[in-house]
Amino acid sequence: MDENGLVTFKGKKNGITIILDKAATFEELKDVFSKKVLEARSFFGDSRIAVTFSGRVLSQGEKKELLGIMESSMNVSEAAKPEDKADLPLVTELAYSQAVNSTVFHKGSLRSGQSIKHDGSIVVLGDVNPGAILTARGNIIVLGALKGFVHAGCMGDDSCYISALNLIPTQIRIADIITYIPPEMNVKNIKNKQTFPSYAYVENDRIYIARL
Amino acid sequence: MGEVIVITSGKGGVGKTTTSANLGCALAAEEKKVVLIDADIGLRNLDVVMGLENRIVYDLIDVIEGNCRLKQALIKDKRYANLYLLPAAQTKDKTAVSPEQMLKLCESLKEEFDYIIIDCPAGIEQGFKNAIAGADRAIVVTTPEVSAVRDADRIIGLLESSELRNPLLILNRIRPDMVKRGDMMTLDDVTEILAVDILGVVPDDESIVVSTNRGEPASMDKSSLAGQAFRNISKRILGEDIPLMDLNAGGGVFSKLKKFFSKTMA
């Protein structure tokens with residue numbers, strides 16, 4: 001393999017993008033990288049350079065190493081905004097699935113004025129009284145009567161759902177959609193109406209409620 | 001060693017002062033040593049409802065500031081053997097007292113009295129915090145209305161986080177005719193949301209208006225239905241098992257109790 005193809009420096013308006021080969025091992029890359037850095041030193045001089053890595057997903061440790069190699073020869077810092085947008089979705093997806101997997105459990109009921117805000121999913125083992133507020137980046141499940149304010153997918157994820165044994169929230173929000181149950185359909189207003197475990201989800205920009 | 005009970009609600013106008021006055025009188029009628037404390041500084045009412053306002057010389061703030069001795073501020077109710085009132089100040093406001101000062105006051109009163117009843121002001125701010133500072137237990141008063149129940153729920157949440165767990169509930173101003181028509185919440189509707197134990201149910205009664213204006217609490221009036229309810233509540237506080245009055249209010253509790261007790265309490 002052509003050594004020179006493993007690491008390529010590309011000058012951009014706001015700094016340089018370093019394109020790294022995907023297939024090569026990190027050790028191989030480091031070697032070629034150091035050589036290239038030495039070559040480029042005289043070209044870049046002392047000016048402050050913003051660096052973006054692309055072509056290969058690097059771990060924090062690996063990035064640090066490469067930046068370290070550069071820093072010993074030039075005045076570099078990692079660019080604040082990654083110019084290669086292809087990298088972005090991968091990173092946020094990872095963070096998001098980690099967040100949804102982080103669930104907070106609350107044992108007991110929530111009274112009016114009490115609230116739970118979580119960067120993940122929420123499970124309440126009890127009732128959520130009117131005036132109580134649940135806000136989650138992920139899903140919300142209430143093993144009881146949900147009568148308060150509830151907002152799932154609060155960072156914009158409309159694939160999140162809200163479920164309860166008795167789903168009669170004062171106001172319901174999933175991602176950016178806000179709504180409430182119309183009075184004639186609200187079980188609360190119909191005496192002796194049976195309640196079923198239900199869940200609310202988004203379809204075609206509207207919130208639907210279905211029986212579990 | 002006495003017990004400090006705070007009567008609170010969150011919502012204003014649901015009957016805290018009325019309850020405080022009536023419970024005080026009813027407990028005193030049961031031969032207990034009772035002191036009522038009006039914690040609603042700036043908007044005092046307990047003295048008016050008790051008919052003792054023209055005997056106020058010193059008040060709660062005077063005691064806190066050391067302008068007088070505690071004994072000098074206590075007003076002895078001449079209608080009972082051992083009923084006293086510590087009135088609030090009318091010219092100050094709730095920032096004039098701190099929770100620590102209230103706690104100290106309650107501790108010193110506990111040594112002399114069987115029951116110290118604190119009439120808590122409406123709200124959840126400084127006045128409320130002062131009133132609950134020295135309390136051993138709490139009684140929450142609410143009316144069967146959505147807004148009152150919402151505030152009661154908030155208050156119970158705050159009480160629980162202040163270590164005043166298991167507050168008891170008094171459902172005040174219930175109107176059995178409206179409940180029957182389905183126009184008013186039932187006892188079950190209220191307890192379903194609040195999830196606390198019931199201490200008593202008091203019917204809406206014109207005699208309360210009359211008794212307030214006269215300064216003679218209704219529990220002293222044998223013919224008052226509300227007065228009877230308060231007398232029952234005071235007996236329950238003392239440990240007696242009195243069934244809830246048959247008000248034809250509907251809801252599970254009443255019909256269940258009817259089966260157990262063949263005669264209705266007069």
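## Close-ups of a predicted two-chain model

**View 1. What is tucked away in helix α6 of chain B?** The buried residues of this helix (residues 126-133) are G127(B), F128(B), N130(B), A131(B) and I132(B). Here "buried" means under 20% relative accessible area, "exposed" means over 50%, and "partly exposed" is in between (1.4 Å probe, protein chains only). The cover over these residues of α6(B) includes β1 (3-8), α5 (99-110), β5 (115-119) and α7 (146-161) of chain B. Helices (H or I, at least four residues) and strands (E, at least two) are DSSP runs, numbered from the N terminus.

A quick note on reading these views: this is a predicted model, in which local features need pLDDT of at least 70 and side-chain atom pairs count only at pLDDT 80 or more, while totals for chains, interfaces and linings use all residues. Residues are numbered from 1 along each chain as its sequence is written, chains are lettered from A and ligands numbered from 1 in the order in which they are written, and side-chain values use heavy atoms, with hydrogens and water left out.

**View 2. A88(B) sits in a loop of chain B, between β4 (83-86) and α5**. A88(B) counts as buried because its relative accessible area is 0%. Skip its neighbours within four places in sequence, and A88(B) is in contact (heavy atoms within 4.5 Å) with D38(B), D40(B), I41(B), R44(B), D59(B) and L60(B).

**View 3. A salt bridge links E160(B) to R111(A)**. To count as a salt bridge, a side-chain nitrogen of Lys or Arg must be within 4 Å of a carboxyl oxygen of Asp or Glu. In this pair the closest N and O atoms are 3.2 Å apart. E160(B) lies in helix α7 of chain B and R111(A) in the loop between β5 and β6 of chain A, so the pair joins two chains. E160(B) is partly exposed, at 24% relative accessibility, whereas R111(A) is buried, at 7%. D153(B) comes in too: R111(A), D153(B) and E160(B) are linked in a network of salt bridges. Over all chains, the structure holds 17 salt bridges.

View 4. D183(B) is exposed at 52%, and R181(B) is exposed at 53%.

**View 5. Six strands of chain A form an open sheet**. Their order is β5-β7-β9-β11-β14-β15, and the pairing is mixed. At the edges are β5 (103-107) and β15 (206-211), each pairing on one side only. Two strands pair if DSSP finds at least two bridges between them. β5(A) and β7(A) (residues 121-125) run parallel, joined by five bridges, and K107(A) has L125(A) as its bridge partner.

**View 6. Strand β8 of chain A has parallel partners in β6 and β10**. Four bridges join β6(A) (residues 115-118) to β8(A) (residues 133-136), with I116(A) partnered by L134(A). Three bridges join β8(A) to β10(A) (residues 149-152), where the bridge partner of L134(A) is V150(A).
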